[in-house]
Amino acid sequence: MPNESPSPPTESAFALRNALKQTQVQIAHERLFEGFGQRLFTSGWSEELLQWLLDEMCMQFGAPHGLISQQHAGALKILAQRGKTFPIGARVPMLGALAMWLKEPIHFEVHSQFVPSLWTIQGNTEPALHCYHLPIACQQRAVGLLGLITSNSLNANSLQVLHSICGLLGFALRGQTQTAAAIDDSYLQKLTPREREVFALLPSGASNALLAEKLGISPGTVKIHIERILSKLDLNDRTQAAVKAVEAGFKSDGL
C-alpha cells in the first residue's frame with residue numbers, strides 16, 4: 001500500500017505556532033527590562049550599562065541602527081550608539097522635530113519620522129527600514145531620546161516594553177531630583193500594607209518565587225497581590241508597575 005503523504009498543517013496549527021513565537025518574544029523583551037532594572041539598581045548607572053542595553057535592544061528588536069542620547073544645553077549628546085549614527089560624545093542640536101518631540105510636558109508617543117540629523121544613512125538607500133524615536137523623560141520632563149531603526153515594524157507589545165525601558169532610562173539619566181516625600185504618592189493609599197511591600201520590590205525584577213521568599217509568603221499569593229496592584233493603580237502589566245514604583249522612589253534592595 002503506497003505511503004500517504006502527510007497532510008499540510010492546519011491553519012490552527014500555524015496560529016498556535018505563531019502565538020507561541022510571539023509569547024517567547026514577549027518574555028525575552030520583559031526579561032530585558034528586568035535585567036536592565038537589576039543592573040541599574042545593583043551596580044548603578046554607567047555608559048557601559050547603556051551600551052549593553054542598546055546592544056540588547058538592537059538584537060531583540062531587529063535594529064541595525066540605534067542610539068541613546070541625553071539632553072544637555074539645547075542638544076542631544078550621544079551616550080550609546082550602534083550602526084549608522086554619530087559617535088559617542090557627539091552633540092546633535094535640538095531643532096525642528098527633535099525640539100517638538102522633547103517639548104515639555106512630555107507626551108509619551110512614538111515618532112516614526114526619519115531625522116537626518118540623528119543618522120548617517122544617506123538618502124533613501126534603505127527604504128525597508130522603520131524609524132522609532134521615543135522620548136526619555138522623568139516626571140514628564142525631557143531627559144533624552146531613544147532611537148531605533150528596525151528591519152521590521154514593531155507591534156504594540158514591543159513598543160510598550162520600549163516605553164517601560166524609557167521610564168527607567170529617564171530615572172537613570174536624570175537622577176532622583178525629588179525626595180520620596182516630595183513625590184505625589186497619594187495613590188499608594190489604595191494599596192494594603194502587604195501590597196505596598198510587593199509594589200516596592202517590583203523594580204528589582206525578581207521572580208514571584210524570590211519575592212515570596214523575601215516576604216515569607218507563597219508565590220501564588222505574590223501573584224494575587226500583583227494582580228490587585230495592577231487593578232488598583234490602573235496599570236496594564238508588571239513592567240508598568242515597576243516603572244511606577246521607581247517614580248515613587250523605590251529601588252532594589254539587592255534581591
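Mentor: Two residues are said to be in contact when they have heavy atoms within 4.5 Å of each other. This is a predicted model, in which local features need pLDDT of at least 70 and side-chain atom pairs count only at pLDDT 80 or more, while totals for chains, interfaces and linings use all residues. Residues are numbered from 1 along each chain as its sequence is written, and side-chain values use heavy atoms, with hydrogens and water left out.

Let us begin with Met57, which, leaving aside its neighbours within four places in sequence, is in contact with Leu32, Gly62, Ile68, Leu146, Leu162 and Ile165. Met57 belongs to the largest nonpolar core (a set of buried Ala, Val, Leu, Ile, Met, Phe, Trp, Tyr and Cys residues joined through side-chain atoms within 4.5 Å; buried means under 20% relative accessible area, exposed over 50% and partly exposed in between, with a 1.4 Å probe and protein chains only). This core has 56 residues, and the members that touch the most others are Met57, Ile68, Leu146, Leu162 and Phe199. Its largest share, ten residues, is supplied by helix H4, residues 156–174 (helices, H or I with at least four residues, and strands, E with at least two, are DSSP runs numbered from the N terminus). Because domain 1 (17–183) and domain 2 (191–248) both give residues to this core, the core lies between them; the domain bounds come from an automatic or database domain assignment.

Strand E4, residues 130–138, has eight of its nine residues buried, so E4 is largely enclosed by the rest of the structure. It runs antiparallel to strand E5, residues 141–150, and nine bridges join the two (strands pair if DSSP finds at least two bridges between them). Within this pairing, His133 has Gly147 of E5 as its bridge partner. Two residues separate E4 from E5 in a hairpin, where Gln139 in the turn takes a positive phi of about 55°.

Helix H7 also has an inward part, for its buried residues are Val222, His225, Ile226, Ile229 and Leu230. Helices H5 (193–201), H6 (208–215) and H8 (238–247) are among what covers them. By contrast, Asp234, in the loop between H7 and H8, is exposed, with a relative accessible area of 68%.
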